[in-house]
Amino acid sequence: MADIPTAAISRLVTYLRILEQLEAQDISRTSSTDLAERAGVTAFQVRKDLAYFGRFGTRGMGYTVAILKRELVRVLGLNQTWNVVIIGTGRLGQAIANYPGASDYQFQYVALFDVNPAVIGQQIRGLTVQHMNDLRSFVAVNRVDMGFLAVPPDHAQDAAQGLVDAGVRGILNFAPVVIQPRTLERAGQHELSEEWRNVIVENVDFLAGMKRLAFYILNPHLKDAPNSEDQE
């Protein structure tokens, strides 16, 4: 499979959401032009993004909504169950745990962890909050695919390292800090340590989003400027 831009994956998620809305409205067919208008991109971009993964439509007839939705679910890996642990059970962690839409996409919360003695043992959505020290032993006997970090910024790096040390390979970081993988110096060069290889970190930074929003409110003409990827 050719190198696929990260932005293309993000757009696939948007296309899937649009297809779900179309299905809910009993609309059975769509086109690249229609998807593009709803997603705020060009029809060329829609076709290019989908072409990374195969041919899903018929020239002149567009796409069958149910079939394209099914294929995007498959491409995004949403046709299998993903076991998730949440690290940090403050207000944000509890809000994530109580978010109703996760199970619709096969994301299953299997454990909650914290270091605050005041919350250890509490029940949230049927799960007992465990101490962070128990993470490794939990992962040893339970499959865990992802860890969500909902901890204060000064604890995020240690929490991420704890997940990686336990063998978790996917991290969704809600803390407004950049997680730094552990590196080793060899022959004068820094290389990723063994446990960090194949670890994927995604950052969800609300403050960064607000800063971008503030900039584009002040500079709305720049929001619609075509990016280099669209010019390929």
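Predicted model: local features only at pLDDT ≥ 70, side-chain atom pairs only at ≥ 80, totals over all residues.
Local features need pLDDT of at least 70 and side-chain atom pairs count only at pLDDT 80 or more, while totals for chains, interfaces and linings use all residues. Numbering runs from 1 along each chain as its sequence is written, and side-chain values use heavy atoms, with hydrogens and water left out.

An unreviewed UniProt entry labels residues 14–53 "DNA-binding region"; its positions follow the numbering used here, feature names are shortened, and annotations may be inferred rather than shown by experiment. That stretch is 70% helix and 5% strand, with 16 Å between its end C-alpha atoms (helices are DSSP runs of H or I, at least four residues; strands are runs of E, at least two; both are numbered from the N terminus).

The unreviewed entry also gives a "binding site" that includes Thr 89 and Gly 90. Thr 89 sits in the loop between β3 (82–87) and α5 (91–97), and Gly 90 is in the loop between β3 and α5 too. Thr 89 is buried at 4% relative accessibility, whereas Gly 90 is partly exposed at 36% (buried is under 20% relative accessible area, exposed over 50%, partly exposed in between; 1.4 Å probe, protein chains only). Beyond four places in sequence, the contacts of Thr 89 include Leu 112, Phe 113 and Ile 124 (heavy atoms within 4.5 Å).

As for backbone angles, most residues other than glycine have a negative phi. Arg 125, not a glycine, has a positive phi of about 50°; this exposed residue, at 55%, lies between β5 (123–124) and β6 (127–131). Asn 198 has a positive phi of about 70° and is exposed at 69%, in the loop between β10 (189–192) and β11 (200–203).
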